Amino acid sequence: MANAARAAISNERQPHMSAFQSYYHLRKESFSIDPWADSEIYFGAAHLQERITRRINSDFVQQRAVPKFFLFGRYGAGKTHTLAHIAHVLRTDPELARDFPTEPIYFELAPLRTREKWSTVHERLINAIGLPRLKEAVSALVSNAGPQTDPLQALQDEDVLRYGETALQNSQAQIFRNLLFGGRQETLSWEWLKGRQLKIDEAQMLGTEMNLTEPSDFVSCLLNCASLFTKGLGKKIVLLVDEGEALGMVENPDAHEEFVYAIRRLVGNENNVLGFILAYQTEGDRAPRVLEHDAIRRRVDYEQGFIDLTSLVLAPEDAKQFILDVINYVVDSHAAKTTIDAEGLTDTEPEFFPFTPDSVDAIADFVTQEPDRSLPSQIIALLSSAVIEGWTRRSTSPNGHILIEDEIVNLVMYPDEG
């Protein structure tokens, strides 16, 4: 974020600042990072951000035509924040927004069972896209076709219904048209899209020839929804799927094959309308068994399609840069400089405030001694605890600010040695 924009945010929030926020010149109510509220900033290793950006840009211009890859890391490695940052970049990067307009949609996969059917995931994906988006796309497509064009004819365009057999395409054209009518037709059509099996009289009312029953039907239906969205609104949907470790629960052989088939199609070159970026938690480099299938790995370019977020913070210099990035984002350095000059706080500088350079070095060294400490969430929690400890000691320095020096840092790093 530009300094001017940060200053504007700081000034806007100034009248509502709490005493804690004001004491350390925080731009936020707490010393913290929220994955979505702070998605414009990506903290940590520049090489990791560059790799993700390269992957997104290269996917758009390759045959796959939309981003398709996997992110993984331990709990607290920054998976959700990375997905949020990707969504921010897709929406706001001038070149991407101009050349490859998208609609990023975040979605949590949620728990799955051993014998889960792909139809369960399909319903959740359709719900994530949402009825309002599809209705808007249908309305735009029909409107663009002109007042004299039969809505059904416009929806049967081969650029809209590109996937599945003829019976599915004919049924889905009717379903899309019914979304224009509202009432029971709209409700039942939405249920059909999610996989509900319609009764004979309901199918006759909607004009459908079939229900969705097989994994191929569900995938084709989903891709046709994405194709409709692109044709109607000129943007491609990119699904940002979190909690992908749930895929590891699908162990039944038949269910496993369903999931392999569906994900293989989603990440394959046949699909050039629906982006699919999935993040999963792992304690090593082992992916859920479904994602280890060669048919899936090959379609995302093997290891190139699996991005390890545990490389976010590796060495003390990486940790130090991560810490400074967080401080610079959370603390108003201009206000900090005023305080430093006014109180003669020679032990710190604006980019370190309220920490001292020595305490930042101590934290950077501490968090890189063990893998669990170097997780972004752990580092931020440590910084927050240190700032709070400094705040609680403010009464001991009534005429000035308490800096976060070695004593405070050691207390929060080694609480058992209090």
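These notes cover the cores, helix packing, selected residues and backbone geometry of the structure above.

1. Basis. This is a predicted model, in which local features need pLDDT of at least 70, side-chain atom pairs count only at pLDDT 80 or more, and totals for chains, interfaces and linings use all residues. Residues are numbered from 1 along each chain as its sequence is written, and side-chain values use heavy atoms, with hydrogens and water left out.

2. Main core. The largest nonpolar core has 69 residues. Such a core is a set of buried Ala, Val, Leu, Ile, Met, Phe, Trp, Tyr and Cys residues joined through side-chain atoms within 4.5 Å. Buried means under 20% relative accessible area, exposed means over 50%, and partly exposed is in between (1.4 Å probe, protein chains only). Phe70, Trp118 and Leu193 touch the most other members. Helix H12 (residues 215–233) supplies the largest share of this core, 9 residues. Helices (H or I, at least four residues) and strands (E, at least two) are DSSP runs, numbered from the N terminus. Apart from this core lies another, of 42 residues, including Ile41, Ile327, Val330 and Met413. In soluble globular proteins, nonpolar side chains tend to be buried together.

3. Leu193. Contact means heavy atoms within 4.5 Å. Beyond neighbours within four places in sequence, the contacts of Leu193 include His122, Ile126, Cys221 and Cys225.

4. H6 against H12. Helix H6 (residues 118–129) and H12 have axes that come within 10 Å and cross at roughly 10°. Therefore H6 is roughly parallel to H12. Axes are lines fitted to C-alpha atoms, for helices over the stretch in contact, and angles run from 0 to 180 degrees between N-to-C directions. Under 35 degrees counts as roughly parallel, over 145 as roughly antiparallel, 65 to 115 as roughly perpendicular, and the rest as oblique. Among the contact residues are Trp118, His122 and Ile126 of H6, with Cys221 and Cys225 of H12.

5. H17 against H19. Helix H17 (residues 357–367) packs on helix H19 (residues 406–413) at about 20°, with axes 9 Å apart. H17 is thus roughly parallel to H19. Asp358, Ser359, Ala362, Ile363 and Phe366 of H17 make the contact with Asp406, Val409 and Met413 of H19.

6. H18. Leu383 lies in helix H18 and is buried, at 0% relative accessible area. Leaving out residues up to four places away in sequence, Leu383 touches Phe31, Ile323, Val326, Phe355 and Ile363. Its C-alpha is 9.2 Å from that of Val326, 57 residues away along the chain. Ser377 is also placed in H18 (residues 376–392), but is partly exposed at 33%. A polar atom of the Ser377 side chain lies 3.3 Å from the backbone oxygen of Gly76.

7. Thr339. This residue sits in helix H16 (residues 333–343). Thr339 is buried, with 9% relative accessibility.

8. Backbone points to check. Most residues other than glycine have a negative phi, and most peptide bonds are trans. Phe353 and Pro354 are joined by a cis peptide bond, with omega about 5°. Pro354 is in the loop between H16 and H17. Ala65 has a positive phi near 70°; this buried residue (12%) is in the loop between helix H3 (46–61) and strand S1 (68–73). Ala110 has a positive phi of about 70°. Ala110 is partly exposed at 24%, in the loop between strand S2 (102–108) and H6.

Terms used
Polar contact = N/O pair within 3.5 Å; in protein donor to acceptor, adjacent residues only side chain to side chain.
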